[in-house]
Amino acid sequence: MPHDVTMPQLGMAQDAGKIVAWLKAPGDAVAKGDALFEVETDKATMEVEAQAAGYLTGVVASEGDDVPVGQVIARISETAKDDTPAPATPPTPEPASDALPEGKQITMPQLGMAQDSGQMVGWLVELGAQVGPDDLLFEVETDKATMEVPAGARGYLAATLAQAGEDVAVGAPVAILTAEAPANPVARSADDAAKAQALAPAQPEPEAAPAKPAEAPKPAPKALLAEGGRILASPKARRLALEQGLDLSRLVKAGHPQPYHVSDLEVLRAMPEGQTPSTGTAQASRRLTARVKRPELEAFLNWAQGQGVDDTDAALAGLLGQGHVQTLAIERIGHARSFAILRRLSQVAVTEDMPELILRDLRGSFVQNVELGAEDIPVLTLLPKGKGLTLVLECAPEQLSAEAAIALLNTVAGRLEQPLRHLL
Amino acid sequence: MREITLSQAVNEAIAEEMRRDPTVFLMGEDVAEAGTPFKVLSGLVEEFGTDRVLDTPISEPGFVGMAVGAAMTGARPIVDLMFGDFIYLVMDQLCNQAAKQHYMSGGKLTVPMVLRTNMGATRRSAAQHSQSLQALVAHIPGVKVAMPSSAYEAKGLMKTAIRDNNPVVIFEDKLMYQDKAPVPEEEYLIPFGEANVKREGSDITFIATSSMVQVAEKAAETLAAEGISAEVIDPRTIVPLDEATLLASVKKTSRAIVIDEGHQSYGVTAEIASRLNEKAFYHLDAPVLRMGAMDVPVPFSPALEDITVPTPEGVAANARKLCAGEMIYAA
């Protein structure tokens, strides 16, 4: 990546530097640390070293030019032939019609130790007029004294940002001096200036490195249920719950955010006995996804048929449920069947028993993503994803520990990718 | 009731005790004609003469060592240490000698000495004259530590300190010398180890020492307007510490912030917070917070100095979070 060469700030009060000489020519090979150009400020002349190795390209400032600090004047590229010129000016947003002129900001000075604002008594220079550094620019009144403040720099009074009588915080801008005579000098009140600052568009952020595809940020989980079912509660809340026979885990199941304090016990007392409200909140559920790029289900189902298993659902239930559950339900849009899982695939059969796991097969649907929250039993959803599949496992924390949920999803994904390997 | 400054209260306490007991005397740098840089002792040399109000050379270890010896042999010295920061210079005399004589002599010797000194930042006195070093002394068994929070406490605690047969260090906040408070004309003493409930409340307890009592009271005032009821307790002496009053309050409110102007780490706030944790754990509905001075040398820059010490706004902000059940530190 090319490296921008900018005008460095060599002194505290320096805002521009003059390029005395280029010590490398365009196209020259440059090592990090090589003297690149010579710069003159009002105090000194200095050689500026290259901050990267490469070839000097895109030189846009010539010897003798005065360049503002921070401006890009050249580039160090990987090849000598990079001829895109460096931007002549830093990329600043186009100023709006009533935007403030660019120039040196004059701020409200601190005249006393304990002063935090000053009152603008009046301007001593007409708007747009030229001033020298020692010319008195405005008058300020503090709680102790009234003082005249010099401009401190040469330029034209291009903008006044406070009117007589207004209080301005120490350090806040009160005026802008420009090097050139301003075409449209601006006079604002301190109020306007504050508003304008609040409305000003944020500086364009450097483009984020295209490292990861943007993923929708997940809301931070409020209920941090630590592993092992540890509930976050204050010592007093815990003691009172114990004394009064209240079960804090009912608050967890209700999705009530932790940590619990004494006030949360009232919520718990108000909850009807023995009835846990819906666990459908995202806060109290686990959701894991896995991706299978090339499921080999067709080959598997053909093989199963060869083994005498004609019911493809039974074959699928056997494949995915074995070793995990005794009963598994397969749901599709419109119908559902439960299967008892036995060791041999040919023995897997429809059952009336409550399933331990639901396999929600949405491969043939248009549904791209689910986030339905935990249900009464864990649900594993199969979704189409190109030529592959997305697997989503959703369950409540008390149904499957994090470890068990990960293991289940991981094994199921592995079996979908290589079903025959699992069986053999 | 009449109101007098903290400075006058200290002066009165010492004068009364010197009139009552001829073995009481004062010594230190600039205590006689100068009456100390803070003018706390003005007028005492006129009444008691230079035999009982002694100006010493500028040698803290020297004159504190002399006071320990005088106390061991029957006198009741009040030693003036011009700045609390100079405690470092007298650590051996105070902590190795004064604090241990009674114990090591099998009870045969006592050291009835008062070391009065000061503490407190925000006086623009920079890092070597702004420290609050009460924790250093409170750490050592055998020394009592009093921290008056107003003129009333300053007088009552000083009189008790002078009559105590153990070494006592009194830390006066140097920014409070001109603060006035009602002080009775008639004699009174404030016993050590008795905290003062300055303001009653039900939602949170502020335990604050010295000038931090004012900080806590201001915070409590702000919070009252928002419907949060804060109790403010001044322990008055940190050694001995009135645990019973502190624990009773915290068991009532379930929440506490401990505020002291010493550095936060390994400080007075840490000690008190830890005791609440040990002894009132099952009554706590929020973590006990410490608020001390930042762990940096006190800056000379006024803007920086002011933010290194606890403020009413900071105390109120923390109290709001604790009362709302918000976690100040992540789980």
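This is a predicted model: local features need pLDDT of at least 70, side-chain atom pairs count only at pLDDT 80 or more; totals for chains, interfaces and linings use all residues.
Where in chain A is the place of Pro259(A)? Pro259(A) sits in the loop between helix H3 (248-253) and helix H4 (262-270) of chain A.

You can pick out one of the partners yourself, as Glu40(A) has Thr45(A) in E5(A) as its bridge partner.

Now turn to chain B. An open sheet of 7 strands is found there, in the order E3-E2-E4-E5-E7-E6-E12, and its pairing is mixed. Strand E3 (53-55) and strand E12 (237-239) of chain B are the edge strands, each pairing on one side only. On average, neighbouring strands of this sheet are turned by 20° against each other, with direction ignored. For a parallel pair, find strand E2 (residues 24-28) and strand E4 (residues 76-80) of chain B, which are joined by 5 bridges. Within this pair, Leu26(B) stands opposite Ile78(B) in E4(B).

Next come some details of the backbone. Most residues other than glycine have a negative phi, and most peptide bonds are trans. Back at our opening spot, the peptide bond from Gln258(A) to Pro259(A) is cis, with omega near 0°. Pro240(B) belongs to the loop between E12 and helix H9 (243-253) of chain B. Asp30(B) has a positive phi, near 60°, although Asp30(B) is a residue other than glycine. You can find Asp30(B) in the loop between E2 and helix H2 (44-52) of chain B.

What about charged side chains? Side chains of opposite charge can pair when their charged atoms come close. Over all chains, the count comes to 34 salt bridges. One of them is formed by the side chains of Arg332(A) and Asp313(A), at 2.6 Å from N to O. Arg332(A) lies in strand E19 (residues 327-332) and Asp313(A) in helix H6 (residues 312-321) of chain A, so this pair ties together parts that are 19 residues apart in sequence.

Finally, let's see how the two chains meet. The size of an interface is often given as the accessible area lost when the parts come together. Between them, chain B and chain A bury about 950 Å², with 63% of it on carbon and sulfur atoms. In chain B, Tyr282(B), Asp285(B) and Met327(B) lose the most area to chain A, and together they make up 46% of what that side buries. The contact involves 12 residues from chain B and 11 residues from chain A. Across this interface there are 0 salt bridges, while 7 residue pairs are in polar contact. Sorted by class, the side of chain B that touches chain A has 7 nonpolar, 3 polar and 2 charged residues.

Methods
Residues are numbered from 1 along each chain as its sequence is written. Chains are lettered from A and ligands numbered from 1 in the order in which they are written. Side-chain values use heavy atoms; hydrogens and water are left out. Contact means heavy atoms within 4.5 Å. Buried area is the accessible area (1.4 Å probe) that two parts lose on being put together, summed over both. A salt bridge is a side-chain nitrogen of Lys or Arg within 4 Å of a carboxyl oxygen of Asp or Glu. A polar contact is a pair of N or O atoms within 3.5 Å; within protein, one must be able to donate a hydrogen and the other to accept it, and residues adjacent in sequence count only if both atoms are side-chain atoms. Ala, Val, Leu, Ile, Met, Phe, Trp, Tyr, Cys and Pro count as nonpolar, Asp, Glu, Lys and Arg as charged, and the others, Gly among them, as polar. Two strands pair if DSSP finds at least two bridges between them. Helices (H or I, at least four residues) and strands (E, at least two) are DSSP runs, numbered from the N terminus. Axes are lines fitted to C-alpha atoms, for helices over the stretch in contact, and angles run from 0 to 180 degrees between N-to-C directions.
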